[in-house]
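Dear colleague,

Please find below the structure that I am handing over to you.

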Amino acid sequence: MGMTISQKILANHSGLDSVKAGDLVQANVDIALANDITLPLALKPFEDAGGKRVFDREKVVVVLDHFNPAKDIDSASMLAKSRAFAKEMGLVNFFDVGDMGIEHALLPEKGLVGPGDLVIGADSHTCTYGALAAFATGVGSTDFAAAALTGKCWFKVPETMKFVLNGTLQPWVSGKDIILEIIGRIGVDGALYKSMEFAGEALAALTIADRLTIANMAIEAGAKNGIFPFDHITNEYCSGRFKRPFKIFETDEDAEFAEVIQLNLSDLEPVVAMPFLPENVRPVSEVKEVRVDQVVIGSCTNGRIEDLRIAARILKGNRVAKAVRLIVFPATPAIMLQAISEGLIQDIMEAGGAVSTPTCGPCLGGHMGILAKGERAISTTNRNFVGRMGHPESEVVLSSPAVAAASAITGHITNPSDIKLVQ
Amino acid sequence: MAFRGKVWKFGDDVNTDEIIPARYLSFTDPEKLAEHVMEDADPSFPGKVSKGDILVAGKNFGCGSSREHAPVAIKGAGIACVIASGFARIFYRNAFNMGLLILESPEASDKIREGDVIEVDQKLGIIHNTTSGETFQVTPIPAFMDELLSDGGLVEHIKKSASPR
């Protein structure tokens with residue numbers, strides 16, 4: 001029986017010719033990632049397991065992106081512990097204020113992850129790297145500790161659900177709308193324990209930015225990973241950036257799928273996920289009177305240059321509504337610099353938006369944009385659980401950068417095509 | 001090994017933000033995290049849960065973030081085990097890795113009510129509801145997970161199976 005890309009990557013890293021869904025394998029990881037929230041909790045298990053040094057100083061990656069620059073004394077202490085570990089272990093790929101970006105935007109940009117890789121990260125959105133034809137999945141701190149020490153991690157080989165994307169995206173519809181639509185259809189546990197593999201003729205028109213957004217939210221459907229096949233778009237993005245040799249795997253013709261779901265992108269309109277689960281997906285047209293107090297554009301889901309270009313195009317020459325707070329978080333320093341040189345930051349700020357250094361802060365209700373009781377945000381982030389961005393009685397609506405920017409101008413959920421663009 | 005405890009019932013898709021909100025992620029101490037366990041699902045919960053109590057929930061328990069603070073907070077509160085009709089995958093791994101007992105049983109999840117007193121026989125894989133008299137089977141776990149549990153978590157398993165570097 002044939003194998004899927006995910007199964008082939010797992011087999012390859014386990015020294016096996018083939019694996020099938022349900023097998024348990026012990027695999028070598030190419031990258032083990034942690035951040036300032038998950039690393040401190042990994043220190044004790046690392047030490048308890050006899051950890052004196054990491055298995056590879058280049059392959060254990062630490063990004064201090066969640067509560068950094070420190071939000072309070074407790075987080076400052078966690079950051080200090082993380083810095084001490086990175087120094088003691090001599091980590092080559094350690095990113096702190098100044099170099100730091102949001103991890104899942106930073107690692108692809110720096111070429112630390114690429115085609116055929118097996119990546120684990122103590123952060124649930126590690127699945128983002130599937131956009132680059134890698135098998136990447138989130139784990140907890142203890143799994144990270146074990147992998148950092150031994151270079152290995154155990155996996156149950158997942159079944160695969162195939163999503164066949166056809167058709168052409170309408171204006172202002174992007175990767176975020178595609179993944180929200182999918183989660184709306186299958187639910188927050190629709191792909192539980194499974195691999196979500198994306199296929200179909202529409203991939204030829206999906207940028208790496210769109211693919212990263214889509215793979216990023218595979219976890220919101222419960223998936224183990226989300227993965228795209230390697231093609232010329234992957235090749236173009238990774239060439240000259242990813243330093244290790246590409247390992248290209250293709251899904252066999254006779255590979256078995258748990259389910260095959262077809263999606264015609266031509267039918268897709270801008271959508272949002274209403275509180276309190278990412279599966280509560282509605283077309284913007286159905287909820288456009290819903291008012292917002294805050295708009296957040298950024299995060300590992302939608303903080304890339306392509307996202308900022310879309311936001312700036314809508315905001316340019318317009319004005320953020322009076323009672324609305326727009327906060328924009330370019331995901332990495334390189335993205336920020338690019339946005340400055342393209343004039344995007346100026347467009348956003350002249351429209352009344354605030355622009356911040358990279359941080360995961362507001363997405364998880366950490367800092368830099370916490371909501372009060374009764375407040376509602378529209379956000380390009382990935383979760384809208386109860387209390388996700390602050391008070392348990394606040395609300396988060398998830399959307400694309402285009403819908404978020406349009407909503408900032410009007411103060412309620414808005415279809416970008418209803419905004420008059422100023423050139 | 002059997003034990004008995006009082007049940008606190010929760011619904012489907014309980015996420016890790018509800019189990020331990022991000023505003024407490026600057027802590028790693030189990031007792032400190034336990035003071036806020038399940039706070040955003042039920043603000044009164046940390047005040048009323050007692051050592052040895054049991055959580056029973058619906059499908060997809062522990063969905064969302066990979067934060068191990070979630071099983072740490074539950075264990076820190078002295079909760080003996082979590083029974084659900086199903087678990088989100090990262091939470092599932094984390095629970096086994098750090099030694100929180102979790103049991104899958106759709107039937108138990110459906111029928112057990114808040115306040116019931118139940119007995120869990122881990123070895124036999126049986127849950128007995130002393131309040132209603134009903135008995136439920138636990139979905140068996142893969143042999144490898146069983147090995148992890150009997151070794152006392154991933155760290156002990158690694159120490160046992162590989163020589164430390």
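Does D23(A) count as buried, partly exposed or exposed? The model is a predicted one, and in it D23(A) has a relative accessibility of 23%. Because buried requires under 20% and exposed over 50%, D23(A) counts as partly exposed. Its salt-bridge partner is K20(A), with the closest N and O atoms 3.2 Å apart. K20(A), at 47% relative accessibility, is likewise placed in the partly exposed class.

Salt bridges within the chains

Over all chains, the structure holds 26 salt bridges. One of them joins E181(A) to R185(A), at 3.4 Å from N to O. These two residues both belong to helix α6 of chain A, which covers residues 175-186, and they are 4 residues apart, about one turn of the helix. R185(A) has a relative accessible area of 48% and is therefore partly exposed.

In chain B, the side chains of D151(B) and K160(B) form a salt bridge with an N to O distance of 2.9 Å. The two ends of this pair fall into separate classes: D151(B) is buried, at 15% relative accessible area, whereas K160(B) is exposed, at 65%. A network of salt bridges also links D30(A), D117(A) and R244(A).

The contact between chain A and chain B

Chain A contributes 53 residues to the contact and chain B contributes 40 residues. About 3800 Å² is buried between the two chains, and 59% of this lies on carbon and sulfur atoms. On the chain A side, L41(A), W154(A) and Y193(A) provide 18% of the area that chain A buries against chain B, more than any other three residues.

The charged and polar pairing across the contact is as follows. There are 3 salt bridges between chain A and chain B, including the one between D143(A) and R93(B), whose closest N and O atoms are 2.7 Å apart. Residue pairs in polar contact between the chains number 16, counting those with both residues at pLDDT 80 or more.

Several elements of chain A each supply at least two residues to the side that touches chain B: α2 (39-48), α3 (73-89), β6 (135-138), α5 (141-150) and β7 (152-156). The largest share, 6 residues, comes from α5(A). By residue class, the side of chain A that touches chain B comprises 26 nonpolar, 14 polar and 13 charged residues.

Yours sincerely

How values were computed. Residues numbered from 1 in each chain as written. Chains lettered and ligands numbered in written order. Predicted model: local features only at pLDDT ≥ 70, side-chain atom pairs only at ≥ 80, totals over all residues. Heavy atoms only, no water. Contact = heavy atoms within 4.5 Å. Buried area = accessible area lost by both parts, 1.4 Å probe. Salt bridge = Lys/Arg side-chain N within 4 Å of Asp/Glu carboxyl O. Polar contact = N/O pair within 3.5 Å; in protein donor to acceptor, adjacent residues only side chain to side chain. Nonpolar A, V, L, I, M, F, W, Y, C, P; charged D, E, K, R; others polar. Buried < 20%, exposed > 50% of the residue type's maximum accessible area, 1.4 Å probe, protein only.
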